[in-house]
Amino acid sequence: MGFPPVSHLVLATGCSLVLIGFYGMLTHRNILRIIIGFSLIDTGIHMILVATGYITGGTAPIIDEALSLDAAATRSVDPIPSALVVTAIVIGLSVTAIMLAYAIRLYETKQTLSLDAFTESKW
Amino acid sequence: MVASLLHPLTIFILGLGGGFVLPLVYRLGKTWLKATFFLALSGMALVSALGLVRLLLGGDAIDILTAGSLPPVSISLRFGLWEGFFTASVNCVALLGALRLWPRLSGRYAAMLLYLIFVMGINGMVMTRDLFNLFVFLEIVSIGTYGLLSLEETPAALAAAFKYIMATVLASTFFLLATGLLYYATGTLNIDGLLAQREAIGGPIGAMALLLLLGALLVELKPFPANGWGLDVYETATDGVAALVSVGVSAGVFFALFKLEPLFAGQRNLIAWSCGLTFVAANLIGLRQRLVQRLLGYSSIGQMALMVLALVLLRRQEADGVESGGADVAFALVIGGLFLNHLLAKAGLFWLAGAIGAREWTSWPSLAGRPLLLLAFAILLVAIAGLPPFPGFWGKWELVNALAGSGDYGWIVLILFGSLCEAVYLFRWFGACLQAPRPAAVPAFFSGELPVLVAALLLVIAGLAAAGLAGISSFWLFLPLAAGAALAVIDPILPGQVKCALMLALVLAGGLFLSQGLDGMRGLFAALLLSGGLVIASAGFYRTDARPFHHALLAVLLLALPALLRAETGLDFFVTFEIITLASYFLIARSPAAAPHLLPFLLFSLAAAFFLLTGFAAHRAASGTDALTALGSAGADGALTFVLLASGFLIKAGALGVHVWLPGAYAEAEDDVSALLSAVISKVPIIGLLTGAYLAIRSQNAFGLAHGMGWIGLLTVIGGAAMALREDDVKRMLAYSSMSQLGYIVIAIALMSHIGWVTALYLVANHLMVKGILFLAVAGVTLRAGSRQFADLGGLMRSMPFTFVAVLIAVIAMSGLPPLMGFGGKWLLVQGMADQEWYALAVLSLVATGLGFLYMIRLVHGLFLKPQPPNRAELSSAGSLREAPIALLLPQYALAAAILLLSFYPSLVMEPIAAAIDPAFSAGLVWRGMSLQEIYGYWNPRPLMIVIVAAVMSAIALLAMLYWFRRKDARFLRSTGGKESDALSRFFAFYEPMLGVLVRPMASRFWNNVARGVEALGCLRRVYDGDGQTYALYVLYYFLALYFLGSAIPI
Amino acid sequence: MIRRGFIILALVLFGLVFARLIGAYQEQSVLRPLAEHYVTQGPRELGAANVITGILITYRGFDTLGEVAVLFMVAAGLGLLLRRDGDGPSVSANTPLRPASELVVTGTEVLLPLIFVFGAYVIMHGHLSAGGGFQGGAIVASAVLLLLVTQPLTRLRLDLLSITESFAGVLFVCIGLLGLILAGGFLDSRFLPQGQLGAFFSAGAIPIISILLGIKVGAELSVIIDRFRR
C-alpha cells in the first residue's frame, strides 16, 4: 500500500494538533499561551471531525457545474460534519474571546499573566 | 392562539427573543428593561409549569419539530413529563434567583440577557433530542456562566472563573469530539436514533465516542478528584451565580446524562464507582471546610453524584429485571425527589449565605431576631439532610428500599455514610448560628429574604406532594406538623402561658383523635405516653416568658407519639420517628447550654435512623410488604432486619457505648423539656424494640439475638448507674439514671417471653412517672437554689418540703424497694430471667440495683438531708429559697398519685398490660402456663423480697465497712482535702476513685477518635491545590481513566 | 519534575487513544442514508445549491440560532468583563501612539472597500457557493479589525452596532416564526418561492436569513474586537 488516504492524514494531523495543544496548555504557565493551547486543541478537533466526513473521491457538497444533482449522491462528501464544524468554529471563537477577556482582567488584578499568581482558593 | 402561546417552543422564543430585544429596550429606560426581563423569565416559567400541569393531567408529550422536517433530518425537541418537571423546576428557581441577583443585574442589560439566554439554554439541554444541538445548548449555558461569573470582581473570583473555563472547555471539547465520532459510527445525531441502535454502536471508534461522551457529561458534574475548579467557583462567585451553577447547570447536564444513560448501559458499574467515590469524598472533605459557600459546593457535588449514582443503580436493576411493585413511581420519587430537593434547598442555602454575608460558618451571626429566616434555614438544612417531610427524604427512602431489594447493601452503607457526614457539617453550621452572639444585619426583603422563604415554602409543598406519591397511609401522619405550624403562626403574638394552654388543648384534642381505635399494646402506650406527656408538659406554666416556638415544637413532639403508634407501615413509622427526632433536636437547641451537645444528639439520632431505614428496607425486601404487621409474621430469615432495627433503637435508647449523646442532650435541655425527653420521649425506641421483637423470636438464632440484647441491656444498666453515681451535676445524674433504667427495660424485652414483656411495659410506666417527678423536682430546685451541683446544694428539706416528699416517693418507686411499683417490676424481671435461666444476668442486675440504691441515696441526701453549704447561706436568708412554684408541684403530685395508685392496685395496670400483649404471641410463651392474672395471684413476694433486701443491704454494709477501716487513709484525705462535711458525703468521695476506673469515658474517647479519624480523611482535599493547570490535568486523567477502565472492563 | 512526568504520561496515554482512533478509522466510500438524503433531497426541498448552507440555515437552523445566541452572549459578556469606566479607548490616555506606517495606511485604504464588498458577496451567495452569513460576517469584521489597526482611535458606533445586532437577532427569530406560521415549522425557510436551483433569487428565505446572519455576525465580531481595545 502506498500513500495513505488523504483523510487519514488529516485525522492524524488533527490528533497531533490536539496533543500539541494539550502539551502547551499543561506546561506553559502564561495564560495567553494556555489560551493558544486551547485554540490548537479546538482546531485539531475540527480537523478530526472534517476528516471523518470524507468520502473517497468526494468533493464539496455544492450543486454546480462541477457536481450535478444526480451525481451528488456518489461524488460529494458528507455535508453534516462540515455543517457541524461551522457551528463549532464559531463557538470555539466565542470561548477564546471570553478567555482572552478573562486574561485581560486577571492581568489587571495582579499585573502578571502567570498562573502561579492565581491559586488563591484551594482545599 | 392561547394554546399556541403556551407551546413549549415559546420558551425559546421568549428566551432568545427577550435576550435580543433587551439591548433595544435598554434605550427606552430602566423600567422597560426590568419589565421585559422579568416578563420573559416568568413567561418561561409559566409556559413550562402549565405544560407540566397539562402533562400531569394526562396530556401527551409534545414533540417539537423544527424546519418543517421530521427527525433525524431536522432537529427536534421533546416536552414530556420529565422534561416538563425539570424545566418547570429550573425556571421557577431561575425566577427566584433573578430576584436574589437583582442588585447585580439591575441596570446591566448585558448581564440580564446573559441570564435569560442561560436559562433558555438549560431548557434547551433538557428538551433537545439532537446530540449536536445538546452541545450547542451546553455551550450557551457555559458561555452564560462564564459571563455571569464576571459579576464578582475579586481577584480570587476571576481566577476561579478562569479555572472553571479551562476545565469545562476541555469537557465540551471532548463532547464535540465524541459527537463527531458517534456520527461517524452511526450516521445519525438524533438521540432517539442513537438509543434505538445502541446495541449496534460498537467497534473501537463507537466505544471511544461513548466513553468520551460519558466523560464529558460526568466531568461537567464535577467528579472527584477532577472537580477543584467547580469548588473554587462555588466559593468565590457571587451567591446567586454559584446557586445557578450548582442547581441550574447541573440540572441541565444531569438531564442530558439522564436522556443518554441507556447508551452507557455497559458502563453503569464504572459510573456508579465514580459517583460513589465522589459522593463520599465530597462529604468527607466538607467536614473540614469552614467557608460557607465552599461547603455548599462540596454538598452540591455530593448531591449530584448521588443523583447519578441513584440513576445508574436503578436503571441497572431495571435491566436486570428486578421486579418490585410500583417501580416507576419509585424511580420518579428517587430522581425527582432528590433533584427537586437539591434544586430548592441548595439554591436557598446559597441565597441565604449570600444574604447574610458571613464567609465562614464559624462566624455566622445569629438569626434569632429573624424567626422566619431561621425557620427557612432550618427547613433548607433538614431538607438537604434528607429528612421528612421534604422530597429528598422520600427519594432516599425509595432508593434504599430499591437497593435492599436487589441486595446492594454496600451501596446503602456508602450512601448513608456520606449522608451522615453531610448532615454533620450542615448542622454544625446551624449550631454555630444558634450560638452566635452577634445578630445578623437585616437583609433586603425582595433580594435577600423573599427568595429564601419561597424556596423553603416550595420545599414543604413539594415534600407533601411527594409524600402522597410515596404512599403513606394517610395524611394524619402530618397532623403533628400541622398542629406545630398552626402554633408557630400565632407564636409571636401570644404570651407564653396562653400558648402553653393552647398547646395542651391542641395536644389533648389531636391526641384523642389520633389514638382513636388504637387497641392492645398500642392503645396502652398511647394512653400512657399521651397522659404522661400532657401532665409533664403542663409544668410549662411555671415559665412566664414567651419561649419562641417552644410550644409549637412541643405540640409536634407530643402529637407525634400517638401518630407513631398509629403507624401501619414502616414508612409511616419511620417518618414519625424522624419527626420526633427533629422536634426533640430543635427543642433541645432552644437551650443555649445545650449547644455543644446538639451535634452528638443529631449525629447519633441520624445514625439510629439510618439503621432503621435499612432495617425497614430489608424487611420490605424480605417480606415484599412494608406493613408493620408483617414484622410479626416474618420468616426465619428476619435476623438481619432485627439486628438493623434493634441497633437503631438501641442507639436511640442510649445503650452503653452509644450513649454518649444522651447525658448532654437530656441534661442541658431546658428543665421541663428534660423531664419530657427523659420520661416520655425516651420510650419511643422502646416502642420500636417491642414492634420489632417478633422478628427475633421467629428467627433461627432467636436465643442468641435475644441473649445478646439482654447483655447489652445489662451493661447499660450497670454503666449508667456507675456514671450516675459519679456525677456531681444533679441533672446529668438523672440523665445517666434514665439510661440505666432504660437498660432494665431492654433486658425485659430481650426476655422475649410474656412475663418479660409485661415487665417491660410495667417498667415503662414506672420510669415515666418517676423520671417525670425527679426532673420536675430538680427544675424547682434549680429555679430556687440557682445551681445543679451537689456541692452547692443541701438542706432543702426545710425550705422545699413538698418537693422533698415527691422526690422521696419517686426514689422509692424507682429503686425497687417495697412497697412501691419499682419493686414489682424488679421482681418480675428477676423471675423472668430465672425462667430463661439467665442466672449471670440475674445476679449482675441485682448488683446494679445496689448501685442504683447508692445514687438514689446520694440524690436525696445531697439535695435535702445534708447541711446547706455555707457559701449558699445568703440564699435562704434572702428568702429566695422557698418551695417550688405550684405549676411544677402539681404535675409531680399527679404522677406521685399515679405511682401510689398503681402500687397498691397493681392489677389496674397489670390487667390491661397482660391483655394488651398479643395473645397469639404469648400463647406459646405464657409463663408456667398461667395467665398474668394468675401470676399476680400466685405472686408471693416475701421470700424473694427478703433475699433481695438482704443482698442489697449486705452489699452496702460491706462497702460501709471497707470505708470505715480505710477512712483515715492519708491518700484519701489528701485527695478530698477533707472538704466533705458529713459522713455520707465522705463515704461517696471515698468510692469515687474506684468508680472512676469503672466509668472511664471510654465511649466518648472512642467516638472522639472515630470522629477525628473520619475528619482526618478530609486530607483528601490536598488534591485541590488551587492551580488551574493541575485541575486541567486531573480532568484529562479522568478521561483517560474512564477510557481505559471502560474499554478494559466490558461489563 | 514529577508534574512534568505526569504530563508526559498523560500525553503518551492520549497518544495511545488517538493511535487507536486512527488505526480503527476507515475512510467511507458511500454516503450514509441521512447524508444522502441531505445531498440529494436537500437541494430539491430547499432550492439551495450549497447543501451545507441549507443544512445550517434550515435543517439545523435551531443550532444556528443557538450559535447566534452564543456570539451575542459573548459580545454582551465581554461588555460585562471589559467594562470601561470612561468613554473611548483608555490606552490613548497614557501612552502616545505611534502612527501606523504609510504602507499599512495606504494598504488599508485600498483594501477596506474590497474586503467589505467581498464580505457582502460571500454573505449573499451563501446558498449558491462556499460561504454564508458566518463566513461573510467574519470577513466584514476583519475589515473592521484592519481599520482599527491603522487608526486605533477610530470610534465605532457601538450603540448603532448593538442595535443592529439586536434587530438582526429579533428579525431572525421573527423569520423563524414566519416559517412556523406560513410553512412547515419553526425556522422553515420555505415560505418564500424556491426559484431556480442555482439562481441568485432562489432557496426561499435562506438568502434573507443569510444576510441577517451576516449583518449580525459582522456587527457582533466588530463589537468583540472593539471591546479588546482598552
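The model is a predicted one, in which local features need pLDDT of at least 70 and side-chain atom pairs count only at pLDDT 80 or more, whereas totals for chains, interfaces and linings use all residues. Residues are numbered from 1 along each chain as its sequence is written, while chains are lettered from A and ligands numbered from 1 in the order in which they are written.

The C-alpha atoms of chain B occupy a box of roughly 100 × 65 × 60 Å along the principal axes. Its secondary structure, in which helices (H or I, at least four residues) and strands (E, at least two) are DSSP runs numbered from the N terminus, consists of 46 helices and two strands. Of the 1051 residues in chain B, 62% are buried, a residue being counted as buried if 20 or more other C-beta atoms lie within 10 Å of its own, as exposed if 12 or fewer do, and as partly exposed in between, with C-beta atoms placed from the backbone. Two residues are in contact if their C-beta atoms, again placed from the backbone, lie within 7 Å; among the contacts in chain B with a separation of 6 or more, 82% are accounted for by residues 24 or more positions apart.

Within chain B, helix α4 (residues 81-105) and helix α11 (residues 239-260) pack with their axes 10 Å apart and at an angle of about 160 degrees, where axes are lines fitted to C-alpha atoms, for helices over the stretch in contact, and angles run from 0 to 180 degrees between N-to-C directions. Angles under 35 degrees count as roughly parallel, over 145 as roughly antiparallel, 65 to 115 as roughly perpendicular and the rest as oblique; α4(B) and α11(B) are therefore roughly antiparallel to each other. The residues that make this contact include B:Phe86, B:Val90, B:Val93 and B:Arg104 on α4(B), and B:Ala243, B:Leu244, B:Val247 and B:Phe255 on α11(B). By class, the contact of α4(B) with α11(B) comprises ten nonpolar, three polar and two charged residues, with Ala, Val, Leu, Ile, Met, Phe, Trp, Tyr, Cys and Pro counted as nonpolar, Asp, Glu, Lys and Arg as charged, and the others, Gly among them, as polar.

Several backbone features lie in loops of chain B. B:Pro71 and B:Pro72 are joined by a cis peptide bond with omega of about 5 degrees, and B:Pro72 is located in the loop between β1 (62-65) and β2 (76-79). A cis peptide bond, with omega of about 5 degrees, also joins B:Pro388 and B:Pro389; B:Pro389 belongs to the loop between α15 (371-384) and α16 (391-405) of chain B. In the loop between α21 (520-537) and α22 (550-566) of chain B lies B:Arg547, a residue other than glycine whose phi is positive, near 45 degrees. B:Arg547 is buried, with 20 other C-beta atoms within 10 Å.

Chain C contains nine helices and zero strands. Its radius of gyration is 22 Å, whereas a compact globule of 230 residues would have one near 17 Å, and its C-alpha atoms fill a box of roughly 60 × 55 × 35 Å along the principal axes. C:Leu187, in the loop between α8 (158-182) and α9 (206-227) of chain C, has a positive phi near 70 degrees although it is a residue other than glycine, and C:Leu187 is buried, with 30 other C-beta atoms within 10 Å.

Between chains A and B, 32 residues of chain A are in contact with 34 residues of chain B. The largest share of the side of chain A that touches chain B, 15 residues, is contributed by α4(A), and this side has 21 nonpolar, six polar and five charged residues. Between chains B and C, 46 residues of chain B are in contact with 47 residues of chain C. On the side of chain B that touches chain C, α6(B) gives the most, with ten residues, and the class composition of this side is 31 nonpolar, 13 polar and two charged residues.

Technical notes:
Rg over C-alpha atoms; globule rule 2.2 N^0.38 Å.
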